[in-house]
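I opened this notebook to keep a record of what I looked up, entry by entry. The model comes first, and my entries are below it.

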Amino acid sequence: KIIGDTFVGFIEWSHDGKWIAFSSQPAGTGNIVINVVSPEGTGRRTVVVGESPSWSSDDSELIFHTCRDSRCGIYKSKASGGDVVAITTDDGGLSTWSPDGKQILYQKDVDGVKQMFEMNADGSNKKQLTQGPAINVDGVYAPDGRFIFYRSTEGNFWGIWRMNRDGSGKVKLINDVPPVSWAYEKLAITK
């Protein structure tokens, strides 16, 4: 056992394998915080108030969802803690960095339905990648950055899909795989 807390989620390994970032609410109430810990369970520290962390490609920064001064969205901080910088305050969440660190993939509501978006790492050039009545969530980049994998209710059943980086070429890979809790899950891709 690495962590014994009951309220832990959004687990994410650093690229170098030296740290695990996760969201935690130690008492089950109050602020949700992002912690990092070694794979052996040592060196645990709180980095920032927020949830759903994602490591930068060089493991020096984390992006995450939080609310600051009544503005909710995607923020970043150094992995060691410190100042928090807003990237977008459009209430987006479950963000992940592209393998080259130049873009960020995230989800947000559009007319009450979650859709996938991509933007530059500084928050500029936002573009919507999915549309329509289906829920499109839990996006992650392929390790080489060529594709995006995500979960969708397209066709009225939860499935895992793949699309090109520009949102074209959508292909269903696996059908009828409902998530346990899609708002708190993140797909993982390996080589």
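The entries below go from the whole chain to single residues.

**Ground rules**

I am working with a predicted model, in which local features need pLDDT of at least 70 and side-chain atom pairs count only at pLDDT 80 or more, while totals for chains, interfaces and linings use all residues. I number residues from 1 along each chain as its sequence is written, and my side-chain values use heavy atoms, with hydrogens and water left out.

**Entry: the whole chain**

I looked up the secondary structure and found zero helices and 16 strands, where helices (H or I, at least four residues) and strands (E, at least two) are DSSP runs numbered from the N terminus. I then looked up the radius of gyration, taken over C-alpha atoms, and noted 16 Å for the protein chain, which agrees with the value near 16 Å for a compact globule of 191 residues; the globule rule is 2.2 Å times the number of residues to the power 0.38. The C-alpha trace spans about 45 × 35 × 35 Å along its principal axes.

For the surface, I noted an accessible area of about 9,600 Å², with 49% of it belonging to carbon and sulfur atoms; accessible areas come from the Shrake-Rupley method with a 1.4 Å probe, and for residues only the protein chains shown count as cover. Of the 191 residues, 45% count as buried, a label that means under 20% relative accessible area, with exposed meaning over 50% and partly exposed lying in between (1.4 Å probe, protein chains only). Among contacts (heavy atoms within 4.5 Å) with a separation of 6 or more, 31% come from residues 24 or more positions apart.

**Entry: salt bridges**

Side chains of opposite charge can pair when their charged atoms come close. I counted a salt bridge where a side-chain nitrogen of Lys or Arg is within 4 Å of a carboxyl oxygen of Asp or Glu, and the structure holds seven of them.

Which residues are linked in a network of salt bridges? They are Glu118, Lys127 and Arg165. Lysine 127 is partly exposed at 35% relative accessible area, whereas glutamate 118 is buried at 4%.

The next pair I looked up was arginine 151 with aspartate 138, whose side chains meet at 3.3 Å, N to O. Arginine 151 lies in strand β14 (residues 147-152) and aspartate 138 in strand β13 (residues 136-141), so the pair ties together parts that are 13 residues apart in sequence. Arginine 151 counts as buried at 9% relative accessibility, and aspartate 138 is buried as well, at 1%.

Arginine 146 and aspartate 144 meet in a further salt bridge, at 3.9 Å, N to O. Here arginine 146 counts as exposed at 52% relative accessibility, and aspartate 144 counts as exposed at 52%.

**Entry: positive phi**

Most residues other than glycine have a negative phi. I therefore wrote down phenylalanine 10, which is not a glycine and has a positive phi of about 55 degrees. Phenylalanine 10 is placed in strand β1 (residues 8-13) and counts as buried at 15% relative accessibility. Serine 52, also not a glycine, has a positive phi of about 55 degrees; serine 52 is found in strand β5 (residues 51-55) and is buried at 5%.

**Entry: strand β6**

Is threonine 66 buried or exposed? At 6% relative accessibility, threonine 66 counts as buried, and its place is in strand β6 (residues 61-68). The side chain of threonine 66 reaches the backbone oxygen of valine 49 at 3.2 Å. Leaving out residues up to four places away in sequence, threonine 66 touches Val49, Gly50, Arg71, Cys72, Gly73 and Tyr75.

Histidine 65 lies in strand β6 too and is buried, with a relative accessible area of 14%.

**Entry: a nonpolar patch**

Where is leucine 173? Leucine 173 lies in strand β16 (residues 171-175) and is partly exposed at 42%. Val171, Leu173 and Ile174 form a nonpolar patch on the surface, with about 220 Å² of accessible area together. Patches are made of residues with over 30% relative accessible area and no salt bridge, like charges being joined within 9 Å and nonpolar side chains (Val, Leu, Ile, Met, Phe, Trp, Tyr) within 5 Å.

Key
A polar contact is a pair of N or O atoms within 3.5 Å; within protein, one must be able to donate a hydrogen and the other to accept it, and residues adjacent in sequence count only if both atoms are side-chain atoms.
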